[in-house]
Amino acid sequence: MNESFRRGAREGFRAFLPLSVGLVPWALVTGVAMRSTGLSVLEALGMNLIVFAGTAQLGTLPLIGAGAPLWLIAVTALVLNLRFVIFSAALAPAFERVPVLQRLLSGYLLVDGVFAVGAERMLASTDRDWRMGFFLAPSIYAWVLWQVFVMCGVLGADALPRDWSLEFMATIALITLLVPIARARPMMLAALVGGVATVVLRGMPLRLGMIVGIVLGIAAGFVAERWQSRGEGR
Amino acid sequence: MNEGSLLSGGWLWLAFVLIALATHLPRGSFIVAGSRARLPEQLQRALRYAPAAALAALVFPDMLLVDGAIDPFNAKLVAGMAAFVVALRWRNPWLPFVVGMAIVWLGRV
């Protein structure tokens with residue numbers, strides 16, 4: 001660890017600190033939601049450790065609770081995580097000539113908040129050690145914060161009464177994620193079409209309605225974006 | 001959705017492993033493979049809409065369906081919309097949960 005890395009680590013940590021507060025309720029809710037779905041303490045902590053993805057965890061819990069087929073659970077998680085392919089592609093130049101082990105670790109640790117706060121500065125820096133410090137310090141801090149507060153939720157869930165519909169907190173958490181997304185018109189359309197189509201098509205066999213709904217939503221957003229940009233081009 | 005048929009034992013852990021793969025393959029993809037590989041521009045644009053569509057596909061049935069039938073006048077729909085508006089207007093990360101859950105509980109009284 002050289003001076004450059006340490007300087008990057010300090011700056012990355014400072015940049016992410018204000019945003020990290022938002023992780024706390026999110027982590028507590030994930031912990032409580034896993035328990036109120038019916039997972040044991042061990043299962044909940046195990047899921048949190050190997051998956052480490054709030055959205056994918058909260059999104060698949062209702063499917064796990066209802067005993068949905070494994071392929072649907074996997075596809076849902078994959079769709080929820082497709083944004084990371086884009087983040088990963090955007091960040092890739094910043095990881096050039098970084099050892100493979102560090103790149104694997106960085107992939108595991110990549111979360112929305114650190115990407116949002118740090119991507120631009122990472123890509124602008126020519127100092128590899130500074131970049132790794134700037135990425136790893138807030139990422140590791142986010143991981144620790146997440147694990148600690150999910151554990152609080154998991155262990156604290158027993159103290160809460162069973163009949164409080166606490167699993168609805170998972171739905172609220174997903175709704176708050178939709179807020180920044182819905183500010184852009186084509187995104188809002190993608191969400192509306194995806195949601196409504198899923199409800200309308202709920203009778204399809206094998207829960208295909210949800211997959212078809214998501215594909216229709218993506219198509220609607222994509223088409224709306226082209227119309228919008230064509231309108232602006234005139 | 002049917003209640004009470006939670007995946008159990010080995011199936012549950014297998015589900016966790018699949019969800020983990022579905023998380024860490026996308027995250028690691030280009031960081032590990034390097035920037036020589038590139039995603040086609042059009043595909044990259046289309047993929048941006050996947051999370052929005054998927055989040056809504058998870059949330060809408062929870063708010064609109066009661067025992068499998070559409071019910072536009074239920075507490076969860078009101079609670080969900082209130083949580084959305086609260087998150088839109090205020091930055092406090094706790095407030096959507098407080099308001100949303102309060103409405104759900106009031107709806108049962």
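Buried residues account for 41% of the 109 residues in chain B. Keep in mind as you read that this is a predicted model.

**Fold and extent of chain B**

- You will find five helices and two strands in chain B, and reading along the sequence gives the pattern α-α-α-β-β-α-α.
- Chain B is more spread out than a compact globule, because its radius of gyration is 19 Å, well over the 13 Å that the globule rule gives for 109 residues.
- The C-alpha trace of chain B spans about 60 × 40 × 25 Å along its principal axes.
- Among the contacts in chain B with a separation of 6 or more, 23% are between residues 24 or more positions apart.

**Surface and charge of chain B**

- Chain B has an accessible surface of about 6,000 Å², and carbon and sulfur atoms contribute 65% of that surface.
- Its side chains include 9 positive and 5 negative ones, with the centres of the two sets 19 Å apart.

**Helix α6 of chain A**

- Helix α6 of chain A runs over residues 100-109, and its buried residues are R103(A), S106(A), G107(A) and L109(A).
- Seen down the axis of α6(A), these buried residues fall within an arc of 165°, so they line one face of the helix.
- What covers the buried residues of α6(A)? The cover includes α8 (128-156) of chain A, together with α1 (9-33) of chain B.

Terms used. Residues are numbered from 1 along each chain as its sequence is written. Chains are lettered from A and ligands numbered from 1 in the order in which they are written. This is a predicted model: local features need pLDDT of at least 70, side-chain atom pairs count only at pLDDT 80 or more; totals for chains, interfaces and linings use all residues. Side-chain values use heavy atoms; hydrogens and water are left out. Helices (H or I, at least four residues) and strands (E, at least two) are DSSP runs, numbered from the N terminus. The radius of gyration is taken over C-alpha atoms; the globule rule is 2.2 Å times the number of residues to the power 0.38. Buried means under 20% relative accessible area, exposed over 50%, partly exposed in between (1.4 Å probe, protein chains only). Contact means heavy atoms within 4.5 Å. Accessible areas come from the Shrake-Rupley method with a 1.4 Å probe; for residues, only the protein chains shown count as cover. Lys and Arg count as positive and Asp and Glu as negative; His and the chain ends are not counted. The place of a charge is taken as NZ of Lys, CZ of Arg, CG of Asp or CD of Glu. The arc is that of the directions from the helix axis to the C-beta atoms.
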